[in-house]
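Open the model in your viewer and keep the selection tool ready.

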Amino acid sequence: MYISSSVLHVAIPPSCRTLHEANVRIKGKVTRFQFFIIASVTCFAYYIIPNYFFPSITSLSIVCWIWKNSVTAQQIGSGRQGLGLGSFVLDYSSIYTYVGSPFTIPTFAIINTMVGFVLYLYIVIPIAYWTNSQNAKRFPLFSSRLFDADGREYNVSRVLDENDFTLDPQKFKSYSEVYLSTIFAYKYAFTYAVTAAALTHTVLYHGRSVWNQFKETYNNQQQEGDIHNRLMRNYKTVPQWWFYAILLLSSVLAILMCIFVPQLQLPPWGFVVALITSVLVTLTSATFYATTSQMINPADFQDLAMGYLLPGRPLALKTFSAYNGMSVIQAISLLSDFKLGHYMKIPPRSIFTVQVIGQIVSSFVHVGVTWWLLSTIKNLCEPDKLPKGSPWTCPYERIAFDITVQSGVIGPAQLFVPHGRYGWTYVFFILGIIATVVVWKLSRAFPHNKWIKNISVPILLLAPMAMPPTGPMHYWTWGAIGLFFNFYVFKRHKEWWANYNYLLSAALNVGPAFSALVQSAALQLNDIYGVNWWGLELGDHCPLASCPTAKGVVVKGCPVFH
């Protein structure tokens, strides 16, 4: 299988050549390899500060330190549970975990993301919250949790059937509707807008190119003008039947799991739906990842559809999500590795073999590590019960749980249409399509206007889709780093940028990763989490930011407004 250079347009960064090409040291300068080692060791040593001595620097919110008793001030200043004005991060690993590397994102994509972030968080959300839309003040401003009519966290155990973990309609009717915080309601709305915009953008901007590539692939056509293709002809290609064989084998195993493991709650036709939809989603996601280095995975739309098809079955939803979501991620990972091998002239069959073996091994490793953590870490993923400074808070897992409860237990019919109060979020599907078409029309009407040309509606809408668990302080710091290196340094110090920018990105990941591994084995697994002082808290010291502001709502630890 040959891969044209237009399949994935992301340039292979110099970090890929560090150990691949010789680099002669110039007097007064360091080689790329030396720079990488120095930067990695420095980051390795620094990571003990946010991971042990001063975890609070993962979220610094200056406003909360000044106005310690004001709910509104902390809502405005909190970087984790508020609007994040004046908040920032001094731990790069935290930024990378939530937003990704700012060093590898094109400048136009960073600007699009930050513009969308500012418009969303500082115009849309304040208007919605402080006008008390959907009784917003009865609940926290920034939270992924579910709430009942009294403003307390929704007790999902009160509506579940204890035997098979499905929704009991009578219990649900006697308890309460589900309510969302302002930020989480609009997270759904903008997720729908991103889904519609991404699909529309792919058709309008890349439809012809994608169709031509599809025809070339299945007609076994090779691009004569591509120097990389000519050089790669020295290697044997990956036969198509290898891919089909893996697809067939994995599909049969998945269907057998659905049939003989009823606890999964997913019928075989549910897997077929996941397989078909993941193919369409992969096309859109790969296109955006190739052109912007940003991952757009409209899996939430698929989960929404499955929530309607199989309401009240949370395990079915999670099984479905695993099949469609992970299929997309693994497909893009395989494409990325083939593209890397294409430029580095690595035999395609070697890449394929390593990928398959790696995925088989990692499957067992993931299950083993997860099981080990569940059996050894007390109160895992329960922040209120964990020791101070413990890192086992599981923010992404908490989001996954909340979404499973919303779409899998309660179901979109009760939350959105036809019975729920958040049906208005579906309007954003149409808004995403309209916005994309308008920008596309403007780009065609003014082809020489670089500002219009660089507008990407899906990227503009991407930040709301990630919050929560991503906080405002992550985006502020991510945007500042990205614009500094990819705009200022690129313009003023292009030679340094070309040699070291991507290496610095890699070092900032490698150093903390090894440091975290060492500290975890030596300290955290022995219940040693850091020095007991103010800076040990993983939060941003804004306890009032999560409080409701409606009159008469009583929540533990929060003032009651009258």
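Start at the second largest pocket, with a volume of about 230 Å³. This is a predicted model, where local features need pLDDT of at least 70, side-chain atom pairs count only at pLDDT 80 or more, and totals for chains, interfaces and linings use all residues. Residues are numbered from 1 along each chain as its sequence is written, and side-chain values use heavy atoms, with hydrogens and water left out. A pocket is an open set of points on a 1 Å grid over the protein atoms alone, where a 1.4 Å probe fits, with protein on both sides within 12 Å along at least five of seven lines; lining residues have an atom within 4 Å of a point. The volume is the space filled by probe spheres set on the points.

Select Phe108, Ile111, Asn112, Val115, Lys450, Trp451, Asn454, Ile455 and Leu460: they form the lining. Six are nonpolar, two polar and one charged. H6 gives the largest share, four residues. Helices are DSSP runs of H or I, at least four residues.

Next, select Phe117, Tyr120, Leu121, Ile125 and Trp478. In the largest nonpolar core, of 57 residues, these touch the most other members. H6 gives the most to this core, with 10 residues. Such a core joins buried residues (under 20% relative accessible area) through side-chain atoms within 4.5 Å.

Finish at Ser78, in the loop between helix H4 (71-77) and strand S2 (87-88); a strand is a DSSP run of E, at least two residues. Ser78 is buried, at 0% relative accessible area. Its side chain reaches the backbone nitrogen of Arg80 at 3.3 Å.

Definitions and conventions. Buried < 20%, exposed > 50% of the residue type's maximum accessible area, 1.4 Å probe, protein only. Polar contact = N/O pair within 3.5 Å; in protein donor to acceptor, adjacent residues only side chain to side chain. Nonpolar A, V, L, I, M, F, W, Y, C, P; charged D, E, K, R; others polar.
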